[in-house]
Amino acid sequence: MMSDVVKAVILGIIEGVTEFLPVSSTGHMLVAQRFFGLGEGAFWQSFVVLIQLGAILAIVMLYFVKLSRVALGMFTNPDDRRFVIGVLLAFLPAVVIGLVAGKYIKEFLFNPWVVCFTLIVGGAILLWVDQLYLKPTQHDATRYPLLMYLWIGIAQCVAMIPGVSRSGASIVAAMLLGGDKRSAAEFSFFLAIPTMIGAFAYDFYKNRAEMTTDHIGIIAVGFVVSFITAAIVVKTFLTYVTRHGFTFFAWWRVAIGTLGLIALALGK
């Protein structure tokens, strides 16, 4: 039997690698649970949400100077204040949909068939967008128009369907609305901060009674692993997509989704 520490390390790596790539971290976690027996049970369901905070802290670390400037300047600088308002506008639709439909989404859509299908469809959409002849008009994620932030937030809600990818939905929306690849990816990072902190706080509060001393140690392992992995992946990802686009990640999605559907059809 695989030890809990090894499970925590593997799931931490999956979280750190996939959270900010347009490949769906939730989809990969569900695939890992279904086909490899990782993270099954109530505690591990909470674990995969709680270790997201490690990945978020990686973003805070990498963008500490920029985020600090915005935080200090939002009371005196109109541009910084507008960016904070923009992030809140983009975050709001997910809060509304999550409160209204979150329970039903988890009940009816969190299954491997849906995940594998949406991985393939999302990959096809990424390929389509990557091949469009787009002429970006926005090159700074902190200077998007307010309405653009809102539309990106609405698009992000589609990612509540497991396998869609939160980062993928927001990146595609930003590019279709005029953002270049780098700024679209960066805004998906910034938007992840309130979105995932909210999910972390809600899940921790809901399952606080289950958090024993042993559980805290396992969560700490996953947290550290996801933090380190995410920090490495984010820096590499930005450089890669600026030069090469999203084709690799699109085919990654299609391959994982197709293999999953074959395994399901064979009764695995």
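Mentor: Residues are numbered from 1 along each chain as its sequence is written. In this predicted model local features need pLDDT of at least 70, side-chain atom pairs count only at pLDDT 80 or more, and totals for chains, interfaces and linings use all residues, while side-chain values use heavy atoms, with hydrogens and water left out.

Trainee: Where does S24 lie, and is S24 buried or exposed?

Mentor: S24 is in the loop between α1 (4-18) and α2 (25-36); helices are DSSP runs of H or I of at least four residues, numbered from the N terminus. Buried means under 20% relative accessible area, exposed over 50%, and partly exposed in between, with a 1.4 Å probe and protein chains only. The relative accessibility of S24 is 3%, so S24 counts as buried.

Trainee: Which residues does S24 touch, not counting residues up to four places away in sequence, and which backbone nitrogen does its side chain reach?

Mentor: Contact means heavy atoms within 4.5 Å. On that basis S24 touches T18, L119, G163, V164, S165 and R253, not counting residues up to four places away in sequence. At 3.2 Å, the side chain of S24 reaches the backbone nitrogen of G163.

Trainee: What is the phi of S165?

Mentor: S165 lies in the loop between α8 and α9, and at 4% relative accessibility it counts as buried. Most residues other than glycine have a negative phi. S24 is not a glycine and has a positive phi of about 80°. S165, also not a glycine, has a positive phi of about 95°.

Trainee: How much space lies in the largest pocket, and which helix supplies the largest share of its lining?

Mentor: On a 1 Å grid over the protein atoms alone, a pocket is an open set of points where a 1.4 Å probe fits, with protein on both sides within 12 Å along at least five of seven lines, and lining residues have an atom within 4 Å of a point. The volume, the space filled by probe spheres set on the points, is about 1300 Å³ for the largest pocket. Of its 44 lining residues, V49, K106, F110, M160 and A199 are the closest to its centre. The largest share of the lining, 11 residues, comes from α6.

Trainee: Which residues are closest to the centre of the second largest pocket?

Mentor: The second largest pocket holds about 290 Å³ of space. Its lining has 15 residues, and those closest to the centre are G122, I125, V158, V164 and A169.

Trainee: Where on helix α8 do its buried residues fall?

Mentor: In α8 (residues 146-156), the buried residues are M148, Y149, I152, G153, A155 and Q156. Seen down the helix axis they fall within an arc of 160°, so they line one face of the helix; the arc is that of the directions from the axis to the C-beta atoms. Among the elements that cover these residues are α6, α9 and α10.

Trainee: With which residues is L176 in contact, leaving aside its neighbours within four places in sequence?

Mentor: L176 lies in helix α9 and, at 43% relative accessibility, counts as partly exposed. Its C-alpha atom is separated by 23 Å from that of D79, 97 residues apart along the chain. Leaving aside neighbours within four places in sequence, L176 is in contact with V129 and L132.

Technical notes: Helices (H or I, at least four residues) and strands (E, at least two) are DSSP runs, numbered from the N terminus. A polar contact is a pair of N or O atoms within 3.5 Å; within protein, one must be able to donate a hydrogen and the other to accept it, and residues adjacent in sequence count only if both atoms are side-chain atoms.
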